[in-house]
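Subject: Structure for your review

Dear colleague,

Please find below the structure that I wish to hand over to you.

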Amino acid sequence: MTKSVLVCGAGGFIGGHLVRRLMEEGCWVRGVDNKRHEYSSAHPTEFMLGDLCDQQFVAKVVDRDYDEVYQLAADMGGAGYIFSGENDAAIMQNSATINLNMLNACHRRSIGRIFYSSSACIYPAHNQTDPDNPNCAEDSAYPAAPDSEYGWEKLFSERLHMAYRHNYGMDVHVARYHNIFGPEGTWAGGREKAPAAICRKIAMASDGDAIEVWGDGCQTRSFLYVDECVEGTLRLMRSDIRGPLNIGSEEMVTINQMVDLVADIAGKKIIKRHIAGPLGVRGRNSDNRLIQEQLNWAPSESLRAGLEKTYAWIALQVEQSMAQVAKVA
Ligand code: NAD
Ligand code: GDD
């Protein structure tokens with residue numbers, strides 16, 4: 001029988017890739033978002049445009065039974081968005097309301113299987129001060145001390161999902177994503193994350209130019225290519241493991257190393273100009289021991305392989321938008 005699936009956040013980066021994969025599998029997919037996807041060529045069977053903060057709209061979205069519900073919709077962005085301090089109230093209000101509305105509607109409709117995308121931003125800031133040795137093991141989440149309101153909302157919503165599981169027997173699966181990147185994601189405008197921002201800056205630079213890098217570039221992160229994020233999401237959702245489980249890469253690099261990698265891919269000599277900017281934690285890396293143990297799987301693609309695909313796509317976007325500007329001028 002054809003599987004029926006709901007993807008909330010289908011107009012977004014990971015949602016768009018998830019829709020493509022589910023359509024390839026032959027699922028009937030309803031995608032929902034308050035905006036259409038800017039880039040993806042993959043379309044769900046049906047798309048509903050609307051605000052998931054609106055209970056009446058959510059009732060229309062959850063007007064049928066689904067075999068799987070993926071709740072990816074959130075008010076979200078990279079360090080420039082979540083650490084600016086200006087978006088905290090909106091982030092908490094929007095994302096918590098979406099999660100409250102969706103869980104309530106799914107419970108009323110007796111929809112069992114729900115996936116929720118939490119974040120590495122829930123981990124305590126004090127465990128991420130050493131760039132060489134951050135601790136992001138799943139069981140280090142408490143006592144809680146995330147460094148952003150975005151992280152606190154994610155932690156609240158993890159707990160909300162788990163409460164629905166405990167009290168109403170809903171089959172809820174929770175992942176903590178660690179900085180996901182790839183083509184067809186936000187690459188400009190203020191919500192972009194470091195991989196997209198660095199690719200854009202290098203694509204716009206000429207050989208020998210300088211690009212701006214926030215901070216000293218010695219802060220560490222790991223970045224996961226979006227196809228592996230989707231793979232991990234489906235594996236977790238279709239298992240009897242409920243999580244929360246990290247879905248991320250263990251290939252930790254400094255931001256400076258990532259800049260060098262992208263410059264090498266682009267074939268350009270790039271100078272780094274370090275400037276003040278929103279930094280977030282000093283070090284972060286996925287800890288994949290639990291996912292390996294519980295799902296017998298963990299991401300394995302190299303950062304370089306993912307950045308090659310991402311840089312090619314972002315360089316094309318830069319080229320096209322420059323051509324557009326030239327046409328108008
Ligand atoms: P994204 O911003 O591209 O996608 C989120 C989508 O939610 C957007 O298209 C947005 O329009 C939609 N949305 C927001 N408010 C809405 C509303 N009120 N009604 C309807 N739609 C609404 O982000 P993404 O990178 O695809 O992330 C997907 C999920 O994974 C989010 O929950 C995010 O917090 C989580 N996550 C992502 C990362 C990452 O590195 N990309 C890391 C950790 C967690
Ligand atoms: N965005 C961006 N743009 N970051 C830059 C830049 C730049 O031009 N230059 C340096 N950085 C640095 C940031 O200061 C930060 O220290 C690091 O690169 C990583 O920034 P982001 O990729 O924007 O965000 P993050 O890793 O701190 O948090 C992201 O990942 C979380 C999950 O791991 C965010 O997208 C969160 O929303 C997400 O939950």
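This is a predicted model: local features need pLDDT of at least 70, side-chain atom pairs count only at pLDDT 80 or more; totals for chains, interfaces and linings use all residues.

Residues are numbered from 1 along each chain as its sequence is written, while chains are lettered from A and ligands numbered from 1 in the order in which they are written.

**The chain**

Ten helices and 13 strands make up the secondary structure of the chain (DSSP runs numbered from the N terminus, with H or I over at least four residues for helices and E over at least two for strands). The chain is as compact as a globular protein of 329 residues, because its radius of gyration is 19 Å, close to the 20 Å of the globule rule (taken over C-alpha atoms; the rule is 2.2 Å times the number of residues to the power 0.38). Its C-alpha trace spans about 60 × 50 × 40 Å along the principal axes. Of the 329 residues, 46% count as buried (20 or more other C-beta atoms within 10 Å of the residue's own, with C-beta atoms placed from the backbone).

**Ligand 1**

There are 26 residues around ligand 1, and Gly12, Ile14, Ala74, Ser119 and Tyr177 come nearest (a residue counts if its C-beta atom, placed from the backbone, lies within 6 Å). The elements giving two or more residues to this shell are α1 (13-24), α4 (88-108) and β5 (113-119). Of these, α1 gives the most, with three residues.

**Isoleucine 122**

Isoleucine 122 lies in the loop between β5 and α5 (149-168). This residue is buried, with 24 other C-beta atoms within 10 Å. Beyond its neighbours within four places in sequence, isoleucine 122 is in contact with Ala141, Pro146, Gly151, Lys154, Leu155, Glu158 and Arg176 (C-beta atoms, placed from the backbone, within 7 Å).

**Helix α10**

Helix α10 (residues 303-328) has 26 residues, which should span 38 Å at 1.5 Å a residue; its end C-alpha atoms are 37 Å apart, which agrees (the expected span is 1.5 Å times one less than the number of residues). Its buried residues are Leu303, Gly306, Leu307, Thr310, Tyr311 and Ile314. They pack against β7 (180-181), α6 (194-204), β10 (224-225), β12 (253-254) and α8 (255-266).

Yours sincerely

Note on methods
A residue is buried if 20 or more other C-beta atoms lie within 10 Å of its own, exposed if 12 or fewer, and partly exposed in between; C-beta atoms are placed from the backbone. Two residues are in contact if their C-beta atoms, placed from the backbone, lie within 7 Å.
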